[in-house]
Structure formats: C-alpha cells, structure tokens
Amino acid sequence: MVLDVMKMLDSKTRSWWVAGLTGAALVLSGWMAGGTALAQPADPTFELGKKDDVKDVKDVEWTAKGEAGLVSTTGNSKTTTVSTGLNAIRKDKDNKLEASLVGTFARATIRTVADANGNGVIDPDELHSNSTNSAEDAAFKLRYDRYLTELDALYVTGLIATDRPAGKNLIGGGQAGYSRGLYKTDAQEVLAEIGYDLSYLRLADDTSTTIHSVRVFAGYKAKLNKIASLDAAVEALFNANRITIGTENAGVFKDSRINGNIALTASLSSKLTLAASFAQRC
C-alpha cells in the first residue's frame, strides 16, 4: 500500500508544511555554518524507524550477525588493527528491537634510530621503538520502535561508548520521542522525529558534563534509479539546561548542536556496491 500523505492534505496545509520545512532548512543551514558547540558527546545517529520494517512479519522473528577484521602491516613501522561488530534484531508485527555492539583497537609501533656514539653504524642499544594506541573505542547501542499506525511510531534509544585516544573515557546517552511519516511514494520518503535527548560525557581528567536537550530530526530517502539511492538526514539538539565544561559555560539553548549526514549508494551488481557519504557536525 503506497501512502502519499501530502496529497491527503488541503492546499493551505501543504503550503504551511512547505513554508515550515523551508524555514527550518534555512535556520539549520545558518547554524551549520556557525561555530562548534561547547560539547559534542556522541556521534549523530540517523535510524529511520518505520512500519515497513515489520510489514511482512507474521510472528516473532530474530536475526543476528557478527563480523570481525584484522589488518597488520610491518616494516620500519608496524600497525595492527582489530575490529568487531555484532548486531541482533527482534521483530513482531508492531515492535522492533535492535541491539548493536562495535569495537576497534589499533596499535602503531614506529622504530627510530640515533647514532649516539657517532661510529657510523647502528648499535643494538641505538634502535628504539615507540608504540601508541591510535584507536581504542567501543560502543553499544539499543533502539526500540513501537509502531502505532502506518505513519506513527514511538521510539526509545540508548548508547554507552568509550574512546580513550580521544580523551573520552565514557560516552552515554539516550533518546525518546515520537516519529511521523510525512510523505511517501514508491521512490521517496520523508520522516520526522521530535523528542528528548540525554547526553553524558566523562573526559580522561574525570571532568564530566550532562546535557538535556530537545531533539528534532528529519530524514529523507530516495531511489534515484534502478541502481542508485540517496539518504539524507539532519538532527538538531537544543540544550535545555546550563552546561559547564572547565572554564567554559553555556546557558539554556546556547549550546545547540546540528548534525547532518548525506550518503549516495550505487549497486553496480549483486557483489559490488559503491558508496559516498558526507557528515557535518557543528
């Protein structure tokens, strides 16, 4: 069943939606051109929960998958990278629960020499190695969607993560709100969400901050042709509490964060897919 919400609205209502979305786009564009917000605890997420995800589910369905990777290089420098990911989804006709766990560890070793005694050769005690962890991060995410109608849903999400090389010992947060499908055809879909966002950040020096925000999200999906598709989304977070980090502070609605994401994917064959994406945070 193809839903075309815009066609169901009268001309006055459609004009209001167009004006509102245009104004929001201009405001968000202006903010995205501005300075960086005081705190950016976590990466933006753009999951579009929709009824289509469970439209063909007759009973409870479980799916799970895992992946792991190892890359090692050696020579004058040595790098080892290990990555892993787990994903599990539970579906029934009105609910979807998804959990994911990802992690990356990378260690780089650089060998250096110094002819300290000036004899023109490298003695064993003049060869040194310096090792550092260039990546040491992990994240666990959980999202629950409750589908009320073909267009309406409620959602709850949770996140806990760490990124030690970036100085972030603990990243935590959660979101809850209402999701609404605004427009849908066979080729295009527009979805919006509004709700609450909680972000928590503890740095390596044990300082921490908690941000309570109003969240507004808009997502767009389009099938450009038989092989290409476009995904775009923008998320705005407006802080509802005063924030202090070190000597810096921001009042209510003075630490607004705007996250944008756009991706173009082309499926050239069943085994080859090309993708290009761009993300903006400010």
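## Strand pairing around E9

In this predicted model, Tyr220 has Ala232 in E9 as its bridge partner. The two strands concerned, E8 (residues 208-223) and E9 (residues 228-239), pair in the antiparallel sense over 11 bridges, and a hairpin of four residues joins E8 to E9.

E9 also pairs with strand E12 (residues 257-267), again running antiparallel, through 10 bridges. Within that pairing, Asp231 stands opposite Ala263 in E12.

## A nonpolar surface patch

On the surface, Leu86, Leu97, Leu101, Phe140, Leu142, Tyr144, Val156 and Ile160 form a nonpolar patch, whose accessible area together is about 650 Å². Strands E3 (95-113), E4 (127-147) and E5 (152-163) are the elements that give two or more residues to the patch, and the largest share, three residues, comes from E4. Leu86, which lies in strand E2 (residues 77-91), is partly exposed, with a relative accessible area of 48%.

## The surroundings of Tyr196

Tyr196 is placed in strand E7 (residues 188-203) and counts as partly exposed, at 36% relative accessibility. Leaving aside residues up to four places away in sequence, Tyr196 touches Gly174, Gln175, Ala176, His212 and Ser213. With His212, the contact includes a polar one between the two side chains, at 2.7 Å. Tyr196 and Val216, although 20 residues apart in sequence, are separated by 8.7 Å from C-alpha to C-alpha.

## Salt bridges

Side chains of opposite charge can pair when their charged atoms come close. The count for this model comes to nine salt bridges. One of them links Arg90 with Asp92, with the closest N and O atoms 3.1 Å apart; Arg90 is partly exposed at 26% relative accessibility, whereas Asp92 is buried, with a relative accessible area of 15%.

Which residue forms a salt bridge with Arg143? The partner is Glu193, and the closest N and O atoms of the pair are 3.0 Å apart. Because Arg143 lies in strand E4 and Glu193 in strand E7, the pair ties together parts that are 50 residues apart in sequence. Both Arg143 and Glu193 are buried. Asp231 forms a salt bridge with Lys221, here with the closest N and O atoms 3.5 Å apart, and this pair links Asp231 in strand E9 to Lys221 in strand E8, 10 residues apart. Asp231 is partly exposed at a relative accessible area of 32%, and Lys221 likewise counts as partly exposed, at 28%. Finally, salt bridges that share partners join Arg143, Asp145, Glu193, Arg215 and Glu235 into one network.

Key:
Residues numbered from 1 in each chain as written. Predicted model: local features only at pLDDT ≥ 70, side-chain atom pairs only at ≥ 80, totals over all residues. Heavy atoms only, no water. Pairing = 2+ DSSP bridges. Patch = residues over 30% accessible without salt bridge, like charges linked within 9 Å, V, L, I, M, F, W, Y side chains within 5 Å. Areas by Shrake-Rupley, 256 points an atom, 1.4 Å probe, with all protein chains shown as cover. Salt bridge = Lys/Arg side-chain N within 4 Å of Asp/Glu carboxyl O. Buried < 20%, exposed > 50% of the residue type's maximum accessible area, 1.4 Å probe, protein only. Contact = heavy atoms within 4.5 Å. Polar contact = N/O pair within 3.5 Å; in protein donor to acceptor, adjacent residues only side chain to side chain.
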